[in-house]
Amino acid sequence: MLRLTLLLLLFTSTMEGLQAQTRILRGKVSDAENRSPLANVSVSATGDASPKITDADGSFSMSVKGKLILIVSHVGYKTQTINVPEKD
């Protein structure tokens, strides 16, 4: 099994108002060694039963609330967990 690391770049857009308000979390998953985008990667958030799958260019988007942990997994790669802070 390959032991490559996933690189996850997170871009968030926040909405003004309450701290636990819904926001859109966008990111791109790529191979850490050669920076090529990874398609069909599972990206799930704590408390969300349905994972998102990255598209052909490694991008994903999901609605989230508050502080959470992302779990990123793909066959042949080590599963990554990423803390995503709550935005003000």
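Residues are numbered from 1 along each chain as its sequence is written, and side-chain values use heavy atoms, leaving out hydrogens and water.

View 1. Welcome to the overview: the protein chain has seven strands and zero helices. Here strands (E, at least two residues) and helices (H or I, at least four) are DSSP runs, numbered from the N terminus. Of the 88 residues, 32% are buried, where buried means under 20% relative accessible area, exposed over 50%, and partly exposed in between (1.4 Å probe, protein chains only). Among contacts (heavy atoms within 4.5 Å) with a separation of 6 or more, 50% link residues 24 or more positions apart.

View 2. The mean pLDDT, the predictor's confidence in each residue from 0 to 100, is 78 for the protein chain, and 74% of the residues score at least 70. Strand 4 has the highest confidence, at 94, and strand 1 (residues 6–13) the lowest, at a mean of 46. Over residues 1–19 the pLDDT is below 50, though this stretch has 60 contacts in the model beyond near neighbours in sequence. Where pLDDT is low, the predicted coordinates should not be read in detail.

**View 3. Met 62 sits in the largest nonpolar core.** A nonpolar core is a set of buried Ala, Val, Leu, Ile, Met, Phe, Trp, Tyr and Cys residues joined through side-chain atoms within 4.5 Å. The largest one holds 14 residues, and Val 29, Val 43, Met 62 and Leu 70 touch the most other members. Strand 2 (22–31), strand 3 (42–45), strand 5 (59–65) and strand 6 (68–73) each give two or more residues to this core. Apart from residues up to four places away in sequence, Met 62 touches several residues, including Ile 24, Leu 25, Val 43 and Leu 70.

**View 4. Strand 5 shows two faces.** Strand 5 runs antiparallel to strand 2, joined by seven bridges. In this pairing, Ser 59 stands opposite Lys 28.

View 5. Five bridges connect strand 6 to strand 7, and Leu 70 stands opposite Ile 82 in strand 7. Ser 42 belongs to strand 3 and counts as buried because its relative accessibility is 19%.

**View 6. Two residues in one loop have positive phi.** Arg 35 lies in the loop between strand 2 and strand 3, and its phi is about 65° although it is not a glycine. Asn 40 is placed in the loop between strand 2 and strand 3, with a positive phi near 60°. Arg 35 counts as exposed because its relative accessibility is 53%, and Asn 40 is exposed with a relative accessible area of 56%.

Definitions and conventions:
Predicted model: local features only at pLDDT ≥ 70, side-chain atom pairs only at ≥ 80, totals over all residues. Pairing = 2+ DSSP bridges.
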